[in-house]
Amino acid sequence: MSEKLKVGILGGTGMVGQRFISLLENHPWFEVTTIAASERSAGKTYEEAVGGRWKMASPMPEAVKGLVVMNVNEVEKVASRVDFVFSAVDMSKEEIKKIEEAYAKTETPVVSNNSAHRWTPDVPMMVPEINPEHMKVIEYQKKRLGTSRGFVAVKPNCSIQSYAPVLTAWKEFEPYEVVATTYQAISGAGKTFKDWPEMVENVIPYIGGEEEKSEKEPLRIWGEVKDGVIVPAKTPVITCQCIRVPVLDGHTAAVFVKFRKQPTKEQLIEKLVSYKGLPQELELPSAPKQFIQYLEEDNRPQVKLDVNFENGMGISVGRIRQDSVYDWKFVGLSHNTVRGAAGGAVLCAELLKAEGYITKRA
């Protein structure tokens, strides 16, 4: 019998679900044994359910092709077969909250890619390199849910990954005001150019709900655990514009920062390249060895050259320079469906396993 933890993917037929499945192929700790989706996919093999909608560059893993898709709403039945689940369900926020808590109440840990629980006060929203201490709220959440091993943990929005880690690395210089414009790939909307031909040679200056997430979520990540809940930080204040651009994968951010303590360019670069977190110390399977790289060339980072740095789990930064209105500015790049979505959630699950929150079901 495999020593790997048995994993279920909720919403496994969609684009993020597919990314989970491709990332977990041959994972040393986790094995996808169960896939659940909507009623219309239930009862079909995974290969039949997805049909021609497989959107990953790598082929569908052989191990999942013959798995019979289960109905995601049959919570007890799905939960009984797995040690924990990843959630990538496509439902309304209220429905997602309800179903993720229902799984948690079956004593099944839920690691979610969805935004529904990002502001639930006792649910940790983690970038594992930045705020692993937020795991502490899980014990309070379990008391609320009445569980002994079931809980919900989430990862933050994909758009903040290209600048929140950078600002974290610069924390000692006390950034207090930030302007960020993100140029976001179409896969962030679950699309390819085949699905969304009107995005070819086009820019859309609006992504619903994205600007608010981009301004507020970093503050929750930088917050502290107090009395069993996460209290968001008050600074830096962030204002953001989010623009959809004709790129398949990779969110780029152009960012301007004011600091209370004035760093040199050399100090800023040194803090980035030396920044490490708990995933690097623990050598977790999906953790990038180098979390943030700095590129000296004027024309970097570029999506085509840099989006897959550290298998899509690293952040690329370039063009750090002084600004005439703000103190410093830079350009950041992150892979939105790897670090920003499924890969970030897999890393969260690895950390939760390493810290004893996710275990084999007795």
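Predicted model: local features only at pLDDT ≥ 70, side-chain atom pairs only at ≥ 80, totals over all residues.
Trainee: Which residues lie nearest the centre of the second largest pocket?
Mentor: Arg19, Asp249, Val307, Asn308 and His335 do, out of 21 lining residues. Two elements, α1 and α11 (303-306), each give two or more residues to that lining. The largest share, four residues, is from α1.

Trainee: Which residues sit nearest the centre of the largest pocket?
Mentor: Val16, Ala88, Val89, Asp90 and Asn114, from a lining of 45 residues. Helices α1 (15-23), α5 (93-105), α8 (210-221) and α12 (338-354) each give two or more residues to that lining. Here α1 gives the largest share, three residues. Helices are DSSP runs of H or I, at least four residues; strands are E, at least two; both are numbered from the N terminus.

Trainee: How far apart are the end C-alpha atoms of α5?
Mentor: They are 18 Å apart, which agrees with the 18 Å that its 13 residues should span at 1.5 Å a residue. The expected span is 1.5 Å times one less than the number of residues.

Trainee: Which residues of α5 are buried?
Mentor: Ile96, Ile99, Glu100, Glu101, Tyr103 and Ala104, with buried meaning under 20% relative accessible area (1.4 Å probe, protein chains only). They pack against several elements, including β1 (5-10), α4 (75-79) and α6 (137-145).

Trainee: What follows α5?
Mentor: Glu107, whose phi is positive, near 70°.

Trainee: New topic. How many residues are in the largest nonpolar core?
Mentor: It has 56, and Tyr103, Tyr163, Trp170, Leu272, Val317, Ile320 and Phe330 have the most contacts inside it. A second, separate core has 42 residues, among them Leu5, Ala37, Ile138 and Tyr357. A core joins buried Ala, Val, Leu, Ile, Met, Phe, Trp, Tyr and Cys through side-chain atoms within 4.5 Å.

Trainee: What does Leu272 touch?
Mentor: Leaving aside neighbours within four places in sequence, Leu272 is in contact (heavy atoms within 4.5 Å) with Val166, Ala169, Trp170, Ile292, Tyr294, Val317 and Ile320.

Note on methods:
Residues numbered from 1 in each chain as written. Heavy atoms only, no water. 1 Å grid on protein atoms, 1.4 Å probe; cavity = no way out; pocket = protein on both sides within 12 Å on 5 of 7 lines; lining within 4 Å. Buried < 20%, exposed > 50% of the residue type's maximum accessible area, 1.4 Å probe, protein only.
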